[in-house]
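Here is a short report on one chain. Look over the sequence and the structure first, then read on.

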Amino acid sequence: MGPFQLFLLIALLGAIVVMGYLTVTDCAQTELVYLHGKVVGKTVGTVEREQTVVVGGCPRCPGSKPETKVVRVSEEVYYLIVELVENGETRTQRFMVSEEVYRKTEPGTEVEVRYLRGKLRGTTCTQPELIFSQP
């Protein structure tokens with residue numbers, strides 16, 4: 001490895017360490033954020049993933065190694081499109097939800113989103129959570 005490549009590797013590792021440090025320090029002191037929003041749309045997407053399945057052999061037999069195969073599996077994922085208002089500004093965000101929530105929720109439904117945000121730089125420290133009002 002040449003000196004320039006070594007320099008690039010050290011610079012990359014340094015940047016990763018600095019970003020990790022900034023995120024950890026920002027998330028050490030957080031505030032709970034509640035945003036008001038409204039469901040403005042719904043959409044369905046597809047996610048492909050690989051899954052290992054047993055195709056032969058005896059998986060329960062002692063000393064026997066089952067034959068496996070990696071297959072591609074497609075799954076539908078369900079999203080609600082939510083329009084959020086923060087400090088007078090409106091932005092749109094997509095939230096992955098279960099099929100049941102997707103089917104029950106109609107556009108126009110009022111929701112709240114909550115998450116922890118760092119006080120120093122405003123880093124999003126937790127996954128935003130969609131909260132539905134009780135009927």
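## Glu76, an exposed strand residue

Glu76 lies in strand β2. This is a predicted model. Is Glu76 buried or exposed? Its relative accessible area is 53%. The cut-off for exposed is over 50%, so Glu76 counts as exposed.

Which residues does Glu76 touch, once neighbours within four places in sequence are set aside? They are Val44 and Gly45. Gly45 is 31 residues from Glu76 in sequence. In space, their C-alpha atoms are 5.7 Å apart.

## Glu86, a buried strand residue

Glu86 is also found in strand β2. Its relative accessible area is 19%. Buried means under 20%, so Glu86 counts as buried.

Glu86 has contacts beyond its neighbours within four places in sequence. The partners are Leu35, Arg91, Tyr115 and Arg117.

## The nonpolar core

The largest nonpolar core holds 14 residues. Leu80, Val82, Leu84, Phe95, Val97, Val113 and Leu130 have the most contacts inside it. Strand β2 supplies the largest share, 4 residues.

Leu130 is one of the residues with the most contacts in the core.

## Fold and overall shape

How many helices and strands does the chain have? There are 2 helices and 5 strands. Their order along the sequence is α-β-β-β-α-β-β. The radius of gyration is 23 Å, well over the 14 Å that the globule rule gives for 135 residues, so the chain is more spread out than a compact globule.

The C-alpha trace spans about 65 × 55 × 25 Å along its principal axes. Of the 135 residues, 19% are buried. Take the contacts between residues at least 6 apart in sequence: 59% of them join residues at least 24 apart.

## Surface and charge

The accessible surface of the chain comes to about 10,000 Å². Carbon and sulfur atoms account for 56% of that surface.

The chain carries 15 positive and 16 negative side chains. The centres of these two sets lie 5 Å apart.

Conventions
Residues numbered from 1 in each chain as written. Predicted model: local features only at pLDDT ≥ 70, side-chain atom pairs only at ≥ 80, totals over all residues. Heavy atoms only, no water. Rg over C-alpha atoms; globule rule 2.2 N^0.38 Å. Buried < 20%, exposed > 50% of the residue type's maximum accessible area, 1.4 Å probe, protein only. Contact = heavy atoms within 4.5 Å. Areas by Shrake-Rupley, 256 points an atom, 1.4 Å probe, with all protein chains shown as cover. Lys, Arg positive; Asp, Glu negative; His and termini not counted. Charge placed at Lys NZ, Arg CZ, Asp CG, Glu CD. Core = buried A, V, L, I, M, F, W, Y, C linked by side-chain atoms within 4.5 Å.
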